[in-house]
Amino acid sequence: MKRLVSGIKPTGDLTLGNYIGAIKQFVNMQNELIDTEFFIFIADLHAITTPQERLVLRKNIKSIAALYIACGLDPEKVNIFIQSEISEHAELNYIMESTLYIGEMERMIQYKEKKESQTEGIRTSLLTYPALMAADILLYDANFVPIGEDQKQHLELTRTAANRFNFLYGDTFTIPEGIIPKTGARIMGLQNPEQKMSKSADKSAKDYILLIDDLKVVANKIKSAVTDSDNLVKFDKENKPGISNLLTIFSALTNISIKDLEEKYKDSNYGTFKSDLANVVVDELSPIQNKYNEIINSKELDDILDKGRDRAKLIARRKLDKVYHKVGLGRKK
Ligand code: TYM
């Protein structure tokens, strides 16, 4: 049996970027991959690499759990759990910190970018973050890790950690493979299509679509997305980043190829294209929001998280014991 692992940080409400780059892949793969056990978690320990308000964090953790289900993850097929409820993640993190080098951490693009945007008190964990991510993945001997493009470098470092550990202590970890979607691995902002779509305090709310945004607001955000003045629906990332991003979103949500979309809209103006795209996005989000509202305060959600935690814990503990033994920690059992 193979394993698949992935997670999302609860640092804010989820965006359409998270959905297309990550969650949609999880849902598709759950139906396509046989002989694979899925572990999809809420990466709450990762959230506190930057300051969070405790009650907001709590709310966001639950919200991601509900969105996983609302987006179509089937708890019968997928172990859904909260990272901090499995203490082995933090324990293996330390082993990973003792495997990876500081220079390797300092080279991470996301660290460099986040460091730039923070004015005070950069937390140590912001630097060592990839060690925790490696622990998340290697703890379950994941074969597959579905992620968006921005996590590619962290996954590479995870592979480095696994190889190094195996070399130092003997074969222990499976070397994971990153799965990055062909279309939609990097959804860009609607107002600033040169930057990745993400929810952050310094960005206008019009730049991103939240999965739980009011649907009228969603349609308006699409309609007011920045485009160029050509009025030609054509994919050209360099010269027409705005319309290219909208084509990517359209294609990722409908599975219609970008080529076919260009053909379909070759005689249309941006207004028509955006209006159709707004309908596509609203139709995608509407059932998700209904399900979300149904489940967010339910006991069922807690039961799902308990079940996921128990299964994850079993695997994680066994693996960690093995790792400690290989490193020579503690007493021989
Ligand atoms: P996070 O929480 O920033 O993002 C979660 C997932 O969403 C993808 N994503 C995007 N994809 C396309 N376009 C975008 N604009 C966009 N924004 C985000 C991310 O690539 C990611 O797949 N470190 C991870 C969480 C994590 C993890 C793990 C993932 C912790 N441990 C182990 C996989 C395996 C993170 O911060 O992702």
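This is a predicted model: local features need pLDDT of at least 70, side-chain atom pairs count only at pLDDT 80 or more; totals for chains, interfaces and linings use all residues.
Local features are reported only at pLDDT of at least 70 and side-chain atom pairs only at pLDDT 80 or more, while totals for chains, interfaces and linings use all residues. Residues are numbered from 1 along each chain as its sequence is written, and side-chain values use heavy atoms, with hydrogens and water left out.

The protein chain is divided into domain 1 (2–181 + 298–327) and domain 2 (205–293), with bounds that come from an automatic or database domain assignment. Their C-alpha centres are 29 Å apart. Across the boundary, 13 residues of domain 1 are in contact with 13 residues of domain 2, where contact means heavy atoms within 4.5 Å.

The size of an interface is often given as the accessible area lost when the parts come together. Here the two domains bury about 1,300 Å² between them, and 77% of that is on carbon and sulfur atoms; buried area is the accessible area (1.4 Å probe) that two parts lose on being put together, summed over both. Of the area that domain 1 buries against domain 2, Leu16, Tyr19 and Ala70 supply 38%, more than any other three residues.

Polar links between the domains number four residue pairs in polar contact, both residues being at pLDDT 80 or more. A polar contact is a pair of N or O atoms within 3.5 Å; within protein, one must be able to donate a hydrogen and the other to accept it, and residues adjacent in sequence count only if both atoms are side-chain atoms. There are zero salt bridges between domain 1 and domain 2, a salt bridge being a side-chain nitrogen of Lys or Arg within 4 Å of a carboxyl oxygen of Asp or Glu.

The ligand has 26 residues around it, of which Lys9, Tyr129, Asp136, Asp150 and Ile187 come nearest; a residue counts as near if one of its heavy atoms lies within 4 Å. A side-chain N or O atom of Asp150 is 2.4 Å from a ligand oxygen atom. Polar backbone atoms also take part: one of Ile187 is 2.8 Å from a ligand nitrogen atom, and one of Met197 is 3.1 Å from a ligand nitrogen atom.

The structure as a whole holds 19 salt bridges. One of them joins Glu88 and Arg317, whose closest N and O atoms are 3.1 Å apart. Because Glu88 lies in helix α4 (residues 88–97) and Arg317 in helix α13 (residues 299–327), this pair ties together parts that are 229 residues apart in sequence. Helices are DSSP runs (H or I, at least four residues), numbered from the N terminus.

How values were computed: Helices (H or I, at least four residues) and strands (E, at least two) are DSSP runs, numbered from the N terminus.
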